[in-house]
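Please examine the sequence and structure before reading on.

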Amino acid sequence: MKEDKENTRPKEKRVEIKYEDGEKTEKSKEKKEAMTKIVIRRLPPSLTKEELEEQLQPLPEVDYLEFFSNDTSLYPHLFARAYINFKNQEDIVLFRDRFDGYVFIDNRGQEYPAIVEFAPFQKTAKKRSKKKDAKCGTIVEDPDYKKFLEYYNGDDEKLTSTPETLLEEIEAKSKELVGMFSWPHTFCFNVLQRLREEKKEERRRRELERKRLRDEERRKWREEERRKRKEAEKMKKLEKPQEKDKDQAKDEPKIKVCAVVKRSSSKLCPTLST
């Protein structure tokens, strides 16, 4: 019994992990952001931002207002539009009831009924930071800028050089160009030219060989045709005499029969024979 107790496995302890209700809800459900940004469409093309703000007064608490004038590339749909983000979502309903279908009048007296709806993109542009750039005004101390100034001033010195120095520089460059076409370069050029000529000769030789083979085949075909024609003519010549012999064999009995009749008639009646 002791041995059985030693060999038996120890019982496994089950550990239960309990999650709080708040953690489950955060993982299972995503937070839905409230829609607070609206867009006003079909505004008059000549309308400005200041005029729009005047006509929208009194305006509730707003943290974002962006105005876009008409775009000439969208002719004939030349309308302005504005995006507004409200702090309180309840103000959106009041604003919609007030300005959805509101008729804006431009300088010429034309009427433009506006459309108010939720903006497809609810995020707003971030405000630019007012911090000053630390590198502003430090270009004079930049090493790359110093190198550029040295190079730039060096070019000015070259331009102020005399015509003699310019001629010397031109001669030096021409010598460099001549050196590029020294004997190694000419040797390589000659080798390449020779290889090209050899390729051309090889192509010509192949074309001539193909032409010779074609001519040889044609000559053999013609000789074979001539041989066949001669054999056919010989066969025809051999067939003609056999036909003549057959005709002669057919005609000979008639001649003999006629001679027998003449002989018999001469014996019976000598007058007929004369």
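Questions and answers on selected residues follow.

This is a predicted model, in which local features need pLDDT of at least 70, side-chain atom pairs count only at pLDDT 80 or more, and totals for chains, interfaces and linings use all residues. Residues are numbered from 1 along each chain as its sequence is written, and side-chain values use heavy atoms, with hydrogens and water left out.

Q: Why is His77 called exposed?
A: The relative accessible area of His77 is 52%. Exposed means over 50%, buried under 20%, and partly exposed in between, with a 1.4 Å probe and protein chains only. His77 is therefore exposed. This residue lies in the loop between strand S2 (62–68) and strand S3 (80–86).

Q: Why is Asn85 called buried?
A: Asn85, in strand S3, has a relative accessible area of 8%. This value falls under the 20% limit, so Asn85 is buried.

Q: What makes the link between the side chains of Asn85 and Thr36 a polar contact?
A: A polar contact is a pair of N or O atoms within 3.5 Å; within protein, one must be able to donate a hydrogen and the other to accept it, and residues adjacent in sequence count only if both atoms are side-chain atoms. The contact between Asn85 and Thr36 is 2.6 Å. The side chains of Asn85 and Asp63 also form a polar contact, of 3.1 Å.

Q: Why is Tyr152 called partly exposed?
A: Tyr152, found in helix H5 (residues 143–159), has a relative accessible area of 46%. This value lies between 20% and 50%, so Tyr152 is partly exposed.

Methods: Helix = DSSP H or I, 4+ residues; strand = E, 2+ residues; numbered from the N terminus.
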